[in-house]
Amino acid sequence: MTLIGRSRTRGVETLSLDAPQRRNALSAALVGGLAAALTDAGKDPGVRAVVLTHTGNTFSAGADLKDPPEPAALVGLLRQIVELPKPVVARVTGHVRAGGLGLLAACDIGVASRASTFAFTEVRIGVAPAVISLPLLPRTDPRALTRYYLTGERFDADEAARIGLITAAGDDADDTLEPILDGVRRSAPEALAETKRLLTAKVLETFDRDADTLTALSARLFASASAREGMTAFLERRDPEWAV
């Protein structure tokens, strides 16, 4: 089954997370498929930029609890987006939760419609936003992350733009995206690659320093009793035992 849709218009390759029945959860297969599609786009001289978007009403619900990717595979995917020698632009017209927010933070530019909502829900199932912190911490307002990491609260697209999770919010994501893609199409490929290298240097330093530690933390937490209870409660649509 194809989990990543592909199309191209005037040098812009659009990659769509295409597992709407699973709310585009980050399964091992979806992560592998997206990594392969990004590899192809990165090598293709006909691709000026990549748009990462989705089918259905959810960009991504985070890790697939029934078929989660290995933490190292998710780290590899996030780093691949950051290192791709072409701009990667997220287009969101729905909900984003947990690990899906890591994909947004890894992208160079992100736009969302005002119908979109966001939440770091990890603490509510007994884990932490460990691996996805690699692109999030260097790029997002620390005080806002403190609140949303610790509470799991939902917030809207305007707030996501204010805190640096995305670049811009608009009533129509495509209208907001249009001048951005026009600018990329008018830019020299080599200049784009070198400019992106300048912009991502600090993010990649975080990967180099913290990836092993956060991968181990993620694996430990997902194997914990709290995570088992949290995931079971989520799947059974009930409150976990620690809720008061």
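**Entry 1: a covered strand**

I began with E3 and found both of its faces covered: Ala 49, Val 51 and Thr 53 are buried on one side, and Val 50, Leu 52 and His 54 are buried on the other. I noted that this is a predicted model. Counting along E3, residues 49–54, I got six buried residues out of six.

**Entry 2: who sits beside E3?**

Next I looked up the strands paired with E3. Strand E2, residues 12–17, runs parallel to E3 and is joined to it by six bridges.

I then followed the chain from E2 to E3. Together with helix H1, residues 28–43, they make a right-handed β-α-β unit.

**Entry 3: the whole sheet**

I stepped back to see the sheet. It is open, has six strands in the order E1-E2-E3-E5-E7-E10, and its pairing is mixed. Which strands stand at the edges? They are E1 (4–9) and E10 (168–170); each has a single partner strand, so one side of each lacks a neighbour in the sheet. On average, neighbouring strands of this sheet are turned by 20° against each other, ignoring direction.

At the E10 end, I saw three bridges joining E10 to strand E7, residues 109–113, and the two run parallel. Ala 112 stands opposite Ala 169 in E10. Helix H7, residues 173–185, packs on the sheet and touches E1, E2, E3, E5, E7 and E10. The direction of H7 makes about 160° with that of E7.

**Entry 4: Thr 58**

I found Thr 58 in strand E4, residues 58–60. Is Thr 58 buried or exposed? Its relative accessibility is 4%, so Thr 58 counts as buried, the cut-off being under 20%. The side chains of Thr 58 and Asn 57 are joined by a polar contact of 3.1 Å. Leaving out residues up to four places away in sequence, Thr 58 touches Arg 23, Asn 24 and His 95.

**Entry 5: two helices together**

Last, I looked at helix H2, residues 71–83, and helix H8, residues 189–222. Their axes come within 10 Å and cross at roughly 175°. H2 and H8 are therefore roughly antiparallel to each other, since angles over 145 degrees count that way. I listed some residues where they meet: Val 75, Leu 78 and Ile 81 are among those from H2, and Val 203, Leu 204 and Phe 207 are among those from H8.

Methods: Residues numbered from 1 in each chain as written. Predicted model: local features only at pLDDT ≥ 70, side-chain atom pairs only at ≥ 80, totals over all residues. Heavy atoms only, no water. Buried < 20%, exposed > 50% of the residue type's maximum accessible area, 1.4 Å probe, protein only. Helix = DSSP H or I, 4+ residues; strand = E, 2+ residues; numbered from the N terminus. Pairing = 2+ DSSP bridges. Right-handed = clockwise from strand over helix to strand, strands pointing away. Polar contact = N/O pair within 3.5 Å; in protein donor to acceptor, adjacent residues only side chain to side chain. Contact = heavy atoms within 4.5 Å. Axes fitted to C-alpha atoms, helices over the stretch in contact; angles between N-to-C directions. Parallel < 35°, antiparallel > 145°, perpendicular 65-115°, else oblique.
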